[in-house]
Amino acid sequence: MTPSPLLPLDAEVLRVSEESSDTRTLVLRLRDSSARMDARPGQFNMVGLPGIGEAPITFSAIGGDGEFAHTIRGVGSVTRALIGVAPGGTVQVRGPYGSSWPEEELAGRDVVAVAGGNGIIPLRPLLQKMVADRRPDGSRLLVLYGGREPGQLLFRRDLDAWASAPGVEVRLTVDEVPDGWKWDGPRGVVTGLLDHPSAGHPAELALVCGPELMMRFAVRELLLRGMRPADVFVSLERRMKCGIGHCGHCQLGPNYVCADGPVFRYPQVKPYPDAML
Amino acid sequence: MPAAFPARRLAREDLHGLVVRWAGAREVVAPVREGNEVHWRPVTDAAQVDWDYASTMLPPSKVLYKPLVDVARFTRAGDAVATGAVEPDARPSLLLAVHPCDLHGILVLDRTVKGRRFVDPSYAAWRAQTLIVGLNCRHVGELCFCASFGTGPFYSRWMDQGPSDGCDLLLTELEGDCLVEVMSRPGEELLAGTRMTEASETDYAERDRLEESARSRFKKKLEIGGLPELLLRNLEHPVWERVGEGRCLSCTNCTMVCPTCYCYDLQDRSSLDLRETVRARRWDSCQDRNFAAVHFGNFRATRKARLRQFVCHKLSYWVGQHGCFGCVGCGRCIRLCPTGIDLAEIAGEIRRTEKAEDLKGKAEG
């Protein structure tokens, strides 16, 4: 008898860190030491708790030592329960599922990553790898990241560290600055950062993740600047129950966002309705 | 045309004897009339079977793809939670008198939840434990259009799959007797020890004549040439708004009765003392308002969008997704729609609009 693909595994919460007022990172390790979580950046797990349910959550870090992290914003019953689990506690995971960022296409190419809000989360493990591995080849990485307000920008320490790496440029923007916050950077939507005076080089490959409306404008701006649609990758969010291409909730045209995505080449998803792309 | 498989002639009373014998060894599920509807029910006797049925309310594929299936069990003891698998409850069964459209419905469902990287254990187990006896269809209903897809009224090779994938025996009712085509080894075993004569050229000729007669009675037709692309070109055709917003009630009947719909929700139900939680998959529907909702909004908030998803999935996206149409022309979604929404008519209207525009373009050009 084939075991059910819907059976979750227990993972121990090793550490919890506060990323913003409603967002926490859970660093996890599978309790079964013989099981491995071999994920690639851009993939996701179904993360859940018995009696409450499961939600698709991307990896925010993938360690070689069996540790992995999910950065979760508490917005619904499942995600709010998940970020309430303390170190030593257990959450359940199934995965990794879905497609990943096109790592094999990155070598030697100038890359722009455009992220909005929580859209930085699935990009984080990839950007970390890129900063560590690949800038010696002379290619450049431009990270553009926008958030609603300074306190909502995630991973500030990582962003600072990446910005000081050779060949890497990081630009941040926020929509608004509440009283009491210090902000010297630009304000406005993330696509505005593309017009920054130092945006001299056209990117050869783009990685885009954020609210779908933001992605729509980001992709449009990238194409207007001469990028080929097939060189633009987007990571989509949809309702998912199974994560394995069965339950149907995430369908977008002939694509299952869970199995064919969540990372797509832009032309794969562009023709279909019920998206904001 | 001779049959592609060895066929025998079987007396009707011998078939009835066989049903009793089969029912002794496995659960036989067949179309049974209850009031104005026909349902798939366990039978022990051929007399309980409605051999002349036109269509059933639920398709036989959904006798195999159960509406509510437990997939995991969680048991709490203190802080610890033990996760347990739930074994499929499939038992030896036989689906009797399945029309060709519904045989294809099962083949299509196979591709969605059994033929991909991940397999649904419950469906796979029921499918493996269930023998299928097909019945070529002589009852072309007003809303039937299987002939348009090649999925009926008689059963034949389809989409590069051998018919044996779809059933074990195939029956055709001749005058007085039955023609039995053997499609598999288990099918052969179902007939063991039964008196039969080899089918003659006359029997084949009668079968072909009956098929031609059935074929000639279709009133409803759907032109499938270029259909997936046609719909993709017309995602903003006025028909979606007019029918979706004007008539669709979001009742989800169309998806519940569809032989190929496979969408489900996962739901946890816990005992009152919270010691036990069972996670189950339960049929869900793209016509439900919250089906495609995420925290910031709903990708298909309107009935227009949800109707378009149903029709375009069946008649367009499915082809790219699973290599076949998601519709077999059984007509259930039309018959059981409280407001009579007709996906074939929607597709037909879109084609007529394009043709009219083409003609207009030519006249002006």
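The legends below describe close-up views of a predicted model.

Local features are reported at pLDDT of at least 70 and side-chain atom pairs at pLDDT 80 or more, while totals for chains, interfaces and linings use all residues. Residues are numbered from 1 along each chain as its sequence is written, chains are lettered from A in the order in which they are written, and side-chain values use heavy atoms, without hydrogens and water.

**View 1. Interface of chain A and chain B.** Contact (heavy atoms within 4.5 Å) involves 44 residues of chain A and 47 residues of chain B. The two chains bury about 3,700 Å² between them, 57% of it on carbon and sulfur atoms; buried area is the accessible area (1.4 Å probe) lost by two parts on being put together, summed over both. Four salt bridges are found across this interface, a salt bridge being a side-chain nitrogen of Lys or Arg within 4 Å of a carboxyl oxygen of Asp or Glu. D274(A) forms a salt bridge with R300(B), with the closest N and O atoms 3.4 Å apart.

**View 2. Packing of helices α9(B) and α11(B).** Helix α9 (residues 238-247) and helix α11 (residues 303-322) of chain B pack at about 110°, their axes 8 Å apart. Axes are lines fitted to C-alpha atoms, for helices over the stretch in contact, and angles run from 0 to 180 degrees between N-to-C directions. The two helices are therefore roughly perpendicular, a term covering 65 to 115 degrees. Residues of α9(B), including W240(B) and V243(B), meet residues of α11(B), including L307(B) and V311(B). By class, this contact has five nonpolar, one polar and five charged residues; Ala, Val, Leu, Ile, Met, Phe, Trp, Tyr, Cys and Pro count as nonpolar, Asp, Glu, Lys and Arg as charged, and the others, Gly among them, as polar.

View 3. R29(A) and E67(A) form a salt bridge, the closest N and O atoms being 3.5 Å apart. Helices (H or I, at least four residues) and strands (E, at least two) are DSSP runs, numbered from the N terminus. Over all chains, the structure holds 51 salt bridges.

**View 4. Backbone geometry at P96(A), P153(B) and F155(A).** Most residues other than glycine have a negative phi, and most peptide bonds are trans. A cis peptide bond, with omega about 0°, joins G95(A) and P96(A); P96(A) lies in strand β7 (residues 90-97). The bond from G152(B) to P153(B) is also cis, with omega near 5°. F155(A) has a positive phi, near 60°.

Key
Angles under 35 degrees count as roughly parallel, over 145 as roughly antiparallel, 65 to 115 as roughly perpendicular and the rest as oblique.
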